[in-house]
Amino acid sequence: MCQVFIKHTSASLTINENADATVRKDFESHVNVMVPEDAPYYLHTYEGPDDMPAHIKASLLGASIQVPITNGKLNLGIWQGIYLCEHRNHASGRNLVITVFGQ
Amino acid sequence: MCQVFIKHTSASLTINENADATVRKDFESHVNVMVPEDAPYYLHTYEGPDDMPAHIKASLLGASIQVPITNGKLNLGIWQGIYLCEHRNHASGRNLVITVFGQ
Amino acid sequence: MCQVFIKHTSASLTINENADATVRKDFESHVNVMVPEDAPYYLHTYEGPDDMPAHIKASLLGASIQVPITNGKLNLGIWQGIYLCEHRNHASGRNLVITVFGQ
């Protein structure tokens with residue numbers, strides 16, 4: 001098993017289609033609609049309008065992915081890839097912890 | 001620990017209430033509202049209106065579930081069951097990888 | 001690795017910002033907008049208007065979190081904490097299964 005864990009609350013990890021770049025574009029477009037900036041009830045706005053939406057998106061998508069390893073390789077489907085989703089407009093790098101375990 | 005992993009980007013796995021079939025119906029109804037077909041900004045529409053929504057739903061729900069094993073059994077809550085969520089209208093079977101590990 | 005698993009379908013676990021209480025408030029406000037009570041298509045309403053939304057929220061956020069352990073400690077980011085998200089208005093306690101594994 002391989003786990004990738006992101007040590008941040010405004011970025012996330014998910015698995016999705018890794019062939020066509022329009023999937024990533026549409027993914028971001030829709031997540032921005034589901035979790036808009038400037039919702040009138042946001043109180044946590046210290047760092048700008050992308051601050052609170054980034055936290056919400058991070059939890060909807062999750063801080064880790066777990067992928068089985070079979071015969072020494074990540075056993076992903078043919079179209080699957082790992083997305084690091086950056087939810088802030090100006091972030092300066094992200095830290096991951098990658099753990100591989102089992103026999 | 002038991003992991004179930006789905007090798008697809010338009011179907012997902014989640015854990016939810018396994019007693020009343022209306023939960024599954026309402027679940028699908030609401031996910032279809034949260035992630036509608038025919039959003040004007042979708043670019044990835046090659047395979048029809050259910051293509052891009054399926055990708056987004058897959059990431060919101062996730063590609064794997066991890067369930068602890070206690071005394072040789074999945075330690076699920078009394079109401080919990082594992083859902084395989086099919087997000088395409090016409091899919092032809094799905095591949096899972098099930099990994100059981102630990103002592 | 002440490003897994004925390006919640007044995008319920010109307011509460012969830014996620015990782016998010018653990019410093020400013022307004023994040024938790026805004027998080028709840030927005031999740032309540034994304035998954036409202038009294039949607040006209042809900043059939044599963046036996047236990048009141050917070051019943052079905054709680055199930056949907058539980059799957060969007062997830063029933064478990066997995067955190068790597070490094071040098072004997074949870075390797076969380078400096079701002080990360082574990083949220084137990086209660087999605088019912090009147091719940092009477094929740095059961096968790098915590099599993100620590102690896103060397």
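This is a predicted model: local features need pLDDT of at least 70, side-chain atom pairs count only at pLDDT 80 or more; totals for chains, interfaces and linings use all residues.
Start with helix 2 of chain B, where B:Asp51, B:Met52, B:Pro53, B:Ala54, B:His55, B:Ile56, B:Lys57, B:Ala58, B:Ser59, B:Leu60 and B:Leu61 are buried. That is eleven of the eleven residues in the 51-61 stretch, so the helix counts as mostly covered. As for the predictor's own scores, the complex gets an ipTM of 0.97 and a pTM of 0.98. Chain A has an average pLDDT of 97, and 100% of its residues score at least 70.

On the chain B side, 26 residues of chain A are in contact with 25 residues of chain B. Those two chains bury about 2,200 Å² between them, with 63% of that on carbon and sulfur atoms. Within chain A, the residues that lose the most area to chain B are A:Asp26, A:His30 and A:Gln80, which together account for 24% of what that side buries. Turn to chain C, and the contact takes 25 residues from chain A and 26 residues from chain C. Here chain A and chain C bury about 2,200 Å² between them, 64% of it on carbon and sulfur atoms. How many salt bridges are there between chain A and chain B? The count is zero, and between chain A and chain C it is zero as well.

For a residue-level look at the A/C contact, pick A:Thr9. You'll find A:Thr9 in the loop between strand 1 (2-6) and strand 2 (11-17) of chain A. Its contacts within chain A, leaving out residues up to four places away in sequence, are A:Ala54, A:His55 and A:Ala58. Across in chain C, A:Thr9 touches C:Asn16, C:Glu17, C:Trp79 and C:Gln80. Is A:Thr9 buried or exposed? A:Thr9 is buried, because its relative accessible area is 7%, and the cut-off for buried is under 20%.

Salt bridges do turn up elsewhere: the structure holds twelve of them over all chains. Side chains of opposite charge can pair when their charged atoms come close. In chain A, the side chains of A:Glu86 and A:Arg94 meet in one, at 2.7 Å from N to O. Both ends of that pair are partly exposed, A:Glu86 at 32% relative accessibility and A:Arg94 at 21%. Chain A also has a network of salt bridges that links A:Glu47, A:Asp50, A:Asp51 and A:Arg88.

Over in chain B, B:Arg88 forms a salt bridge with B:Asp50, and the closest N and O atoms are 3.0 Å apart. This pair links distant parts of the chain, 38 residues apart: B:Arg88 is in the loop between strand 6 (80-86) and strand 7 (96-100), while B:Asp50 is in the loop between helix 1 (21-34) and helix 2. Both B:Arg88 and B:Asp50 are buried.

In chain C, look at the salt bridge between C:Glu47 and C:Arg88, with the closest N and O atoms 2.8 Å apart. C:Glu47 is in the loop between helix 1 and helix 2 of chain C, and C:Arg88 is in the loop between strand 6 (80-86) and strand 7 (96-100), so the pair ties together parts that are 41 residues apart in sequence.

Next, the surface of chain A. A nonpolar patch of about 590 Å² is made there by A:Ile69, A:Leu74, A:Ile82, A:Leu84, A:Leu96, A:Ile98 and A:Val100. Strand 6 (80-86) and strand 7 (96-100) of chain A are the elements that give two or more residues to the patch, and strand 7 gives the most, with three. A:Ile69 sits in strand 4 (residues 69-70) of chain A. A:Ile69 is partly exposed, with a relative accessible area of 33%.

Finally, a couple of backbone angles. Most residues other than glycine have a negative phi. B:Asn71 has a positive phi of about 55 degrees although it is not a glycine, and its place is the loop between strand 4 (69-70) and strand 5 (73-74) of chain B. B:Asn71 counts as exposed, at 80% relative accessibility. C:Asp38 has a positive phi too, about 60 degrees, and lies in the loop between helix 1 (21-34) and helix 2 (51-61) of chain C. At 60% relative accessibility, C:Asp38 counts as exposed.

Definitions and conventions: Residues are numbered from 1 along each chain as its sequence is written. Chains are lettered from A and ligands numbered from 1 in the order in which they are written. Side-chain values use heavy atoms; hydrogens and water are left out. Helices (H or I, at least four residues) and strands (E, at least two) are DSSP runs, numbered from the N terminus. Buried means under 20% relative accessible area, exposed over 50%, partly exposed in between (1.4 Å probe, protein chains only). Contact means heavy atoms within 4.5 Å. Patches are made of residues with over 30% relative accessible area and no salt bridge: like charges are joined within 9 Å, nonpolar side chains (Val, Leu, Ile, Met, Phe, Trp, Tyr) within 5 Å. Accessible areas come from the Shrake-Rupley method with a 1.4 Å probe; for residues, only the protein chains shown count as cover. A salt bridge is a side-chain nitrogen of Lys or Arg within 4 Å of a carboxyl oxygen of Asp or Glu. pLDDT is the predictor's confidence in each residue, from 0 to 100. Buried area is the accessible area (1.4 Å probe) that two parts lose on being put together, summed over both.
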